[in-house]
Amino acid sequence: MKQVSYEGLTFEPYITRDTIDARIKELGKDITRDCAGKTPLFVCVLNGAFPFASDLFRACENLPAEIAFIRLKSYEGTGSTGVVKEMLGLTEDIEGRTVIVVEDIVDTGHTIARLIENLKEKNPAEIKVATLLFKPEALEEKDVHPDYVGFSIPKKFIIGFGLDLNGMARNLNDIYILKED
């Protein structure tokens, strides 16, 4: 893996696609075990979680499940705006269902906290959170505890495998971290 550059910033290789794939398979086994006897609805938070959600959903191939999509936005450039905007809402009825929210990253926790609050109003049986990446040092919402975490990472800016810089770099197969000068 080599360095990549976007918008004048340089990013170094951080997590390889092989490592990501292996971890997603483990998470799929955990979810399949934990949701045995249920038909969960995976709710993919677009756009960033799309690659992770696709692979995770298929890693749960022995679990009867459905998938839906919502779109929220809270980032501009390399930082969170602190404001969560709903761009595309959930249309499925989730009352009495197990819902697995699939996120690309949980850092401050504001986005996932707001989403969970909104989903609870629709009376699901339970809500679980699966995130590819988790930044415990950045967490500001103390009630946010992801149920399934791919990787815990430091409070650094990253791109690739769905994570972007102003819409770019989502299609990188590996995850890259911003190079320190």
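## Where two helices meet

In α1, the residues Arg 17, Asp 21, Ile 24, Lys 25, Leu 27, Gly 28, Ile 31 and Thr 32 touch Phe 52, Asp 55, Leu 56 and Ala 59 of α2; contact here means heavy atoms within 4.5 Å. The residues of this contact comprise six nonpolar, two polar and four charged.

Helix α1 spans residues 17–34 and helix α2 residues 50–59; they pack at about 50 degrees with axes 8 Å apart. That angle makes α1 oblique to α2. Axes are lines fitted to C-alpha atoms, for helices over the stretch in contact, and angles run from 0 to 180 degrees between N-to-C directions. Angles under 35 degrees count as roughly parallel, over 145 as roughly antiparallel, 65 to 115 as roughly perpendicular and the rest as oblique.

## About the model

This is a predicted model, in which local features need pLDDT of at least 70 and side-chain atom pairs count only at pLDDT 80 or more, while totals for chains, interfaces and linings use all residues. Residues are numbered from 1 along each chain as its sequence is written, and side-chain values use heavy atoms, leaving out hydrogens and water.

## The whole chain

The protein chain has three helices and 10 strands, in the order β-β-α-β-α-β-β-β-α-β-β-β-β from the N terminus. Helices (H or I, at least four residues) and strands (E, at least two) are DSSP runs, numbered from the N terminus.

Of the 181 residues, 47% count as buried, meaning under 20% relative accessible area, with exposed over 50% and partly exposed in between (1.4 Å probe, protein chains only).

## Backbone spots to look at

Here is some background for the next residues. Most residues other than glycine have a negative phi, and most peptide bonds are trans.

Leu 46 and Asn 47 are joined by a cis peptide bond, with omega about 0 degrees. Asn 47 sits in the loop between β3 (41–46) and α2. Glu 7, in the loop between β1 (4–6) and β2 (9–15), has a positive phi near 50 degrees and is exposed at 55% relative accessible area. Ala 169 also has a positive phi, about 85 degrees; this residue lies in the loop between β9 (158–159) and β10 (175–178) and is buried at 2%.

Terms used: Ala, Val, Leu, Ile, Met, Phe, Trp, Tyr, Cys and Pro count as nonpolar, Asp, Glu, Lys and Arg as charged, and the others, Gly among them, as polar.
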